[in-house]
Amino acid sequence: MYLSLPTLTVLIPLVSLAGLFYSASVEENFPQGCTSTASLCFYSLLLPVTIPVYVFFHLWTWMGIKLFRHN
């Protein structure tokens, strides 16, 4: 079973947002206690930042390949 790209585009941010809300409800000192890489809170803040950066560089690479091939 493969998920389509539009489904993943909606599903991944919703899952990361749910993880962010879960960490905010569980951790006592939510923003300040997220500095340890051993905590779930750290990764729930890292995931929403990492996904747009990955998409940007993926599109940047694709655009570079398109421009290189057509010139």
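Guide: Before we look at any residue, take one definition: a residue is buried when its relative accessible area is under 20%, exposed when it is over 50%, and partly exposed in between, using a 1.4 Å probe and protein chains only. Val 26, at 42% relative accessibility, therefore counts as partly exposed. This is a predicted model, in which local features need pLDDT of at least 70 and side-chain atom pairs count only at pLDDT 80 or more, while totals for chains, interfaces and linings use all residues. Residues are numbered from 1 along each chain as its sequence is written, and side-chain values use heavy atoms, with hydrogens and water left out.

Visitor: How many helices and strands does the chain have?

Guide: Helices (H or I, at least four residues) and strands (E, at least two) are DSSP runs, numbered from the N terminus. In this chain there are two helices and zero strands. The radius of gyration is 17 Å, well over the 11 Å that the globule rule gives for 71 residues, so the chain is more spread out than a compact globule. That radius is taken over C-alpha atoms, and the globule rule is 2.2 Å times the number of residues to the power 0.38. Along its principal axes, the C-alpha trace spans about 55 × 30 × 15 Å.

Visitor: Where does UniProt place the feature "transmembrane region"?

Guide: UniProt positions are given in the numbering used here, feature names are shortened, and annotations may be inferred rather than shown by experiment. The unreviewed UniProt entry places this feature at residues 42–65. Over residues 42–65 the model is 100% helix and 0% strand, with the end C-alpha atoms 34 Å apart.

Visitor: Which residues form a nonpolar patch on the surface?

Guide: Patches are made of residues with over 30% relative accessible area and no salt bridge, where like charges are joined within 9 Å and nonpolar side chains (Val, Leu, Ile, Met, Phe, Trp, Tyr) within 5 Å. A salt bridge is a side-chain nitrogen of Lys or Arg within 4 Å of a carboxyl oxygen of Asp or Glu. Here the nonpolar patch is formed by Tyr 54, Val 55, Leu 59, Trp 62, Met 63 and Leu 67, which together have about 640 Å² of accessible area. Val 55 is found in helix H2, residues 40–70, and is partly exposed at a relative accessible area of 40%.

Visitor: How many aromatic pairs does a search of the whole structure find?

Guide: Rings of Phe, Tyr and Trp (its six-membered ring) pair if their centres lie within 6.5 Å; planes under 30 degrees apart count as stacked, over 60 as edge-to-face and the rest as tilted. The search finds two aromatic pairs. Phe 56 and Phe 57 form an edge-to-face pair, 5.1 Å centre to centre with 75° between the planes. Phe 56 is partly exposed at 45% relative accessibility, and Phe 57 is partly exposed at 49%. Ring pairs link Phe 56, Phe 57 and Trp 60 into a cluster.

Visitor: How far apart in space are Val 26 and Cys 41, or Ala 18 and Thr 61?

Guide: Separation in sequence and separation in space are read side by side. Val 26, found in helix H1, is 15 residues from Cys 41 in sequence and 9.0 Å away in space, C-alpha to C-alpha. Ala 18, which lies in helix H1, residues 5–26, is 43 residues from Thr 61 in sequence and 30 Å away in space, C-alpha to C-alpha.

Definitions and conventions:
Accessible areas come from the Shrake-Rupley method with a 1.4 Å probe; for residues, only the protein chains shown count as cover.
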